[in-house]
Amino acid sequence: MQRIMETDVGISEYVGNDVPQIEGIIKQRFTDFLVFEVDLDSQVIHIKSLDKPEPSKKKPEATETSPATGEASTSAQADVHPKIPPPAGDTAPPETAPEHELTEGSSSVPLPENETPDEKETDKGPWPERFTTTLSAFLSEEALTRVKDLFLEGPEPPFVSDSGWGGRQANPSSADNQAGGEAGPSTSENAAEEPEKAERGKRGRGRGARGARGGRGGRGGRGGRPDGREDHRKVLSNPISSKTTRTGLHQAIRELFKGKLETETDLSAPASDDGSRIVIKWAKRGGSRGGGRGGRGTCGRGERPERGTYPPYIHFTLQKTNRDTQDALAHLSRVLHVNVKDLSVAGTKDKRGVTVQRVSLRRGNKTVEEVWKLANGLNGRRTTEEILTRRGERGIRIADLNYRKASLELGMLKGNAFVITLRNVQVDSEETLDRAMNTIKNKGFINYYGMQRFGTASIPTHSIGLALLKSDWHRAVSLILRTRPGEHPEVVAARNAWLVDGDLDKALELMPRRVVAERCILESYKKQGGETRNAMGALSTIPRNLRLMYVHAYQSYVWNAIVSERIKTYGAEKPVVGDLVFDEVSADTTAGAEDDPDLVVDSVDGDVQTEEKTITEDDATPSAAKANKRSRKPWEAPKVKTLTEDDLDKYSIFDVIMPLPGKDVAFPGSTLGERYREFLKADGLDPDNFVRKQKEYSLGGSYRKILHLPKELSWTILRYTDPDVALAQADEDKLLGFDPPAIVEDGKFMALQIQLTLGTAAYATMALREVTKTETSSHYQSTLTQASEDQKYKTSAEGGET
């Protein structure tokens, strides 16, 4: 079985060639690789508390300035639910209003529960035959009957006997006690503290107010019902695998019922290969502008605060276990019912391991308490006790929520702190171990792009990137669709259905949705009636970030290969004539360019390219436009210097940089520069032309230091016997009160536990490689684990990794 190795992606050299090899297994368990983000204030991010946010005792406007961003933030380690006073002139709270009273600002009178929802229906009754005919193409007979019953039942849910408690006025403090554990500030207290907000509520036209005219909730706030009852009625379709069919169902419901019923994808259950279910329910707006969404000035949904009360973002700490960063964000977007683009991070983290980082959410009208509840499954899936005594669902836990005025952006971090445990270490002496560790501490390690950058399959991502740069669209498609040894059987069957049998429908039916690029290409072919000539068009349907990942992988491959050439030829001790360094004049303004390979110039216009953003209505406001403009400053190519003989004593090896290929970078001088050019020409590229007709494939390039010196480094030798016993503990497990790591003084095997802090864009696995002198590819490490002698001593009965 062919798998890519380090040499296939340009990784071949070491700094400490005089230190013997030290055998050890990397990432045998998830807790053997702990990662903690280091923020711009140099603070290492840890989970501090798993508890539900508590109502704030401070005025919402009380803000503090974040030293890292200079942005004011509202400290809300807890949820805040201020009680908004009713508008002046209202003498009774919404709970006591007559059930069918026409409130100010509403455009229709709520219908009695026994009345059909549309008295103007002229198409042969409230449920015309065409409703049945149209929906039968999407729904089963049982689901269709339930939709009909739901519609004829009307927009208000049926009354259910509550043993006489329904007529009692709700106690706001009691409600808060149930939801948040503590009573929030009362209405009268809040009215005294915030007269300005009360006046806005009086006018009913505060721009950010949820219940105000012009606010996102319309005239009356979302979800408010005259009698305070919530509507939990809904109909679920059977799983629908075809995106086209799902879209058709959404459109049919919208057109048939004129917005009275609404649909959404069911996010309460994980997506399966059978497809997604569609939820059909009464629209919260009651089918008319302002009607059914609560009285003017009310909050609806349990006294939500106004939109403008708190800053627009919520930041929280995310711990993920064995999940890609984007995969984790996609999961959170589903459970929080937000667009994944509303979630931002400062940097991506390793998949195989336990990682901790901050995440920002553009909250809309969500509060910290709501986000905590949704993310932790406190909506029927789990109880509070389960949340506080068991690990997070699907390897994800969020905690430590607060409000902030700004979102996170890529690069807003100083690095990462690691706790890495190497197991079954084989070394001739502890002296050799200390020599290897001191080599990294004093001489650093080669700043290679790690194996994660190139995928784990037999077809590395950089080969696809090269095809894209050469505009060889058919080859790129061929490489993406080609079979790969060791893949899951269902993926193999799907590939063969197309590549061997030429059955496009069967291939799409079998291909799992998680295999994104392949599905995009096949779905594009399907739309083109099976025609495959438009390979470029098919590739364009792949998400932009994924396509750019291929191109960036090729840049990384070239960088690795040229740096290996440089180290092999000149060593890793000192700079030589022809090396590049940043010019001292521009050193301060180019720190980001040298540290973060993802913040590189990748377009003809020279803008810093990060994750693609779609302009939304919120972005279209003047203030948002100015903020976006500020966050996307034009990228200026840093000034670099080619060293001469007279410069060598002014710089160290840690100043030497190497370019990633692109139109805005300089090549090294001397013979190394010629070697760089020859390398690109051998791949069929013009080293002097990286502009492409397809703008996104035009490369600007950037620079990266060839060696990386850890900011902090320490190590400890441990003993163990059972390989299933954790030797380090994740934050979540500590706070859950799980047993701490068990260290056996007379254990049969040696482990080396390393604590180090690296700057941005440095790969910890490349630091470990310098210690072990061993292949770091995941399949090779898996082979070492399976063959390791310590596997004979496994005694753990637990089924899950930690």
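Biologist: What must hold for two strands to pair, and how many bridges join strand 8 to strand 10 in this predicted model?

Modeller: Two strands pair if DSSP finds at least two bridges between them. Strand 8 and strand 10 (residues 354–362) run antiparallel, and in strand 10 tyrosine 313 has arginine 362 as its bridge partner. The number of bridges joining strand 8 to strand 10 is 9.

Biologist: Why is strand 8 largely enclosed by the rest of the structure?

Modeller: In a regular strand the side chains alternate between the two faces of the sheet. On one side of strand 8, Tyr313, His315, Thr317, Gln319 and Thr321 are buried, and on the other Ile314, Phe316, Leu318 and Lys320 are buried. Strand 8 (residues 313–321) is therefore largely enclosed, the buried count being 9 of the 9 residues.

Biologist: Which side chain of opposite charge is nearest to arginine 484, and how far away is it?

Modeller: Arginine 484 lies in the loop between helix 12 (473–481) and helix 13 (489–499). Its side chain reaches the backbone oxygen of isoleucine 480 at 3.0 Å. A salt bridge requires a separation within 4 Å, and arginine 484, although buried, has none. The nearest side chain of opposite charge is glutamate 518, at 4.3 Å.

Terms used: Residues are numbered from 1 along each chain as its sequence is written. This is a predicted model: local features need pLDDT of at least 70, side-chain atom pairs count only at pLDDT 80 or more; totals for chains, interfaces and linings use all residues. Side-chain values use heavy atoms; hydrogens and water are left out. Helices (H or I, at least four residues) and strands (E, at least two) are DSSP runs, numbered from the N terminus. Buried means under 20% relative accessible area, exposed over 50%, partly exposed in between (1.4 Å probe, protein chains only). Lys and Arg count as positive and Asp and Glu as negative; His and the chain ends are not counted. A polar contact is a pair of N or O atoms within 3.5 Å; within protein, one must be able to donate a hydrogen and the other to accept it, and residues adjacent in sequence count only if both atoms are side-chain atoms.
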